[in-house]
Amino acid sequence: MALVEIRDVYKSFQRDTQRIDVFTGLTLDIDAGSFTALMGPSGSGKSTLLNLIAGLDKPTRGTVRVGGEAVSEMSASQLAAWRARHIGFVFQSFNLLPVLTAYQNVELPLLLTRLSGKERNERVKIALDVVGLADRADHYPRQLSGGQEQRTAIARAIVADPTVMLLDEPTGQLDAKSSQEVLALLQRLNSEFTKTIIIVTHDAHAAERAKMVLHLEKGDLIEKPRATAAALR
Amino acid sequence: MKYFRLVLANLGRHRLRTVLTILSVALALFLFASLRSVTTTLAATAQFGGARRLVTTNATGLVFPLPLAYGNRIKALPGVTGLSWANWFGGKYGDGKRFFANFAVDAESYLKIYPEIVLPADQRDAFLKDRTGALIGKRLLSQFGWKLGQNVTLQGTIFPGDWTFTVDGVYTPTDPAIGDDVLIFHHDYFDERIGRAGIAGWYIVEIDDVSHAPAVAKSIDDLFRNSSSPTKTGTEREFQATFATMWGNVSFLMSTIGLAVVFAILLVTANAMMMSARERTGEIAVLKTIGFSDRLLFALVMVEAGVMALTGAVLGLGGAKLFYPAINFNGLGFLPGFTVAPSTLIIGALVAIGLMLASGLAPALRAARLPIVQALRHVE
């Protein structure tokens, strides 16, 4: 069964007097436990699709369901609570809070739960351990490399054990070595921890790490979802 | 509590700016407390006065004396149960830089009519028996380092010459408005030194019943209406109020200018606090993406503004409350009993809460209403 169900979604923006139609009736399913790469040129609607799945934006028409819940019909406060439980989001530019340590950044999503301090501490340590940054817990973002910052952001995204991880160009600001480390980490999260991962990327090498690639152009899927070599391994 | 660390971390983002903002709030509220205390102290002084005490002065003005001979005639009037008199002396001690009030009084009747002046019985007896003795407020003891039994010489300004007195007693006023930095000495000695001029600056008249005050005051003034020195009699409270009204315009000016300064500082502070929140548009969008609700973010920004405003309030208002007693401030003797009243602290705290609302509300609402996608586009 599909974890993410996008049904006949329309999305348009108003820029000055001009109306821009991003999606005109997009329909798409993404399965639980999949690792999907969304590819396409700038303006094709990749990030908008990610925002719709994360409940950061609402479709003009149509339905977005994640795990059976109609995200597109939730109120702002319901969405906030839903995101805290079900979404782990990773940005291109990491977006760690500079005044908090790596540990405190990772702990942020857990502040929204009813977990005790001890339980939060255990979970943060596990998340940092998974991304290989247990020894950097007390470091501030300015004391970390780009790759380490992004791995901290990934730890923040997985710490609350979300239903789906959404990553917007996660390797866009990283050098080749750090990119490989981050992509290997994502593969591991998908294969070992069965995390459902949706990644927006321009990078063909990055997309090759995914099990499924979706090509978007002007808001349309221009070819059917294609399995990658990674899916066969 | 788990969110408070986030608030503290944000406050520590620009430590110098946070410290300066808090100090600005503290300074503004310190000034506010100080200026309002001048007004409340003057008002309290104007309220001083026993209900059964009247004061008779020369109708032409306080600086003109009355004949000492009026005393017996006033005492003989119906409703009058006690009488004393005093004369402003205006002597200075040392270089005269530290001013304090000093006047000659009819000692026995004066201490009787002012039970607010409290001192040990043996010192009282010593003072009454010593013609050149003086009684001083406890503040003068610490201010000049005087000791009991010490000779103190004042230079007369209105009545020239060196006037030497023996400190026979130290009093503690039970009402702060009476002042604890006053020196009083015997009128008899004063009268003798000035050549038996037979003058009194003012009379203090004790009456049998408060309700008789208007009638007794009228009968005193009627008695001397056609004399060379007509009198003006009123309640002691009215007498004190005339001193307070001399300050009136100064007080108004200080309050107006002071409050304008305070308001200006508060505006600058509010702006700094708003700027601090505006800079974090991107971070607020990230927190929303993580799942922080609009309401929670509103509360966090408000708490941040509150921590700054209330820390400033504690420093400013608490500082004023502790500072003035610590330096024994009495406005060079013009503001006896100067104190930061509880009402000033309450109003100051309300000003701080107002500042918190003024500076926190706009950025807090902005944070709560921030559309995530646009804000993230700005960041990314």
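A search of the whole structure, which is a predicted model, finds 25 salt bridges over all chains.

**Stop 1**

Select R131(B), D188(B), D191(B), E192(B) and R196(B), which are joined in a network of salt bridges. Within this group, centre the view on D191(B) and R196(B), whose side chains meet in a salt bridge with an N to O distance of 3.5 Å. The two partners can then be examined for their surroundings. D191(B) counts as buried because its relative accessibility is 5%, whereas R196(B) is partly exposed, with a relative accessible area of 48%.

**Stop 1**

With a relative accessible area of 33%, D222(B) is partly exposed; K218(B), at 51%, is exposed.

**Stop 3**

Select R280(B) and E304(B), whose side chains meet in a salt bridge at 2.7 Å, N to O. This pair links distant parts of the chain, 24 residues apart: R280(B) is in the loop between α9 (236-278) and α10 (281-290) of chain B, and E304(B) is in helix α11 (residues 294-326) of chain B. Are these residues buried or exposed? R280(B) is buried, with a relative accessible area of 6%, and E304(B) also counts as buried, at 6% relative accessibility.

**Stop 2: the domains of chain B**

Colour chain B by domain: domain 1 takes in 4-45 + 248-376, and domain 2 takes in 65-228. The C-alpha centres of domain 1 and domain 2 of chain B are 47 Å apart.

**Stop 3: the interface of chain A and chain B**

Display both chains and select the residues in contact: 26 residues of chain A touch 24 residues of chain B. Between the chains an area of about 2200 Å² is buried, and carbon and sulfur atoms give 64% of that area. On chain A, select V99(A), L111(A) and L112(A), which together supply 24% of the area that chain A buries against chain B, more than any other three residues.

How many salt bridges does the rule find across the interface of chain A and chain B? It finds 1. To view the pair, select R5(B) and E107(A), which form a salt bridge with their closest N and O atoms 2.3 Å apart.

Now highlight α2 (76-86) and α3 (102-111) of chain A, the elements that give two or more residues to the side of chain A that touches chain B. The largest share of that side, 5 residues, comes from α3(A). By class, the side of chain A that touches chain B comprises 15 nonpolar, 6 polar and 5 charged residues.

**Stop 4: a serine in strand β1 of chain A**

Finally, select S12(A), found in strand β1 (residues 2-15) of chain A. S12(A) counts as buried because its relative accessibility is 17%, under the 20% cut-off. Beyond its neighbours within four places in sequence, S12(A) is in contact with R19(A), I20(A), D21(A), V22(A) and T60(A).

Key:
Residues numbered from 1 in each chain as written. Chains lettered and ligands numbered in written order. Predicted model: local features only at pLDDT ≥ 70, side-chain atom pairs only at ≥ 80, totals over all residues. Heavy atoms only, no water. Contact = heavy atoms within 4.5 Å. Buried area = accessible area lost by both parts, 1.4 Å probe. Salt bridge = Lys/Arg side-chain N within 4 Å of Asp/Glu carboxyl O. Helix = DSSP H or I, 4+ residues; strand = E, 2+ residues; numbered from the N terminus. Nonpolar A, V, L, I, M, F, W, Y, C, P; charged D, E, K, R; others polar. Domains from an automatic or database assignment. Buried < 20%, exposed > 50% of the residue type's maximum accessible area, 1.4 Å probe, protein only.
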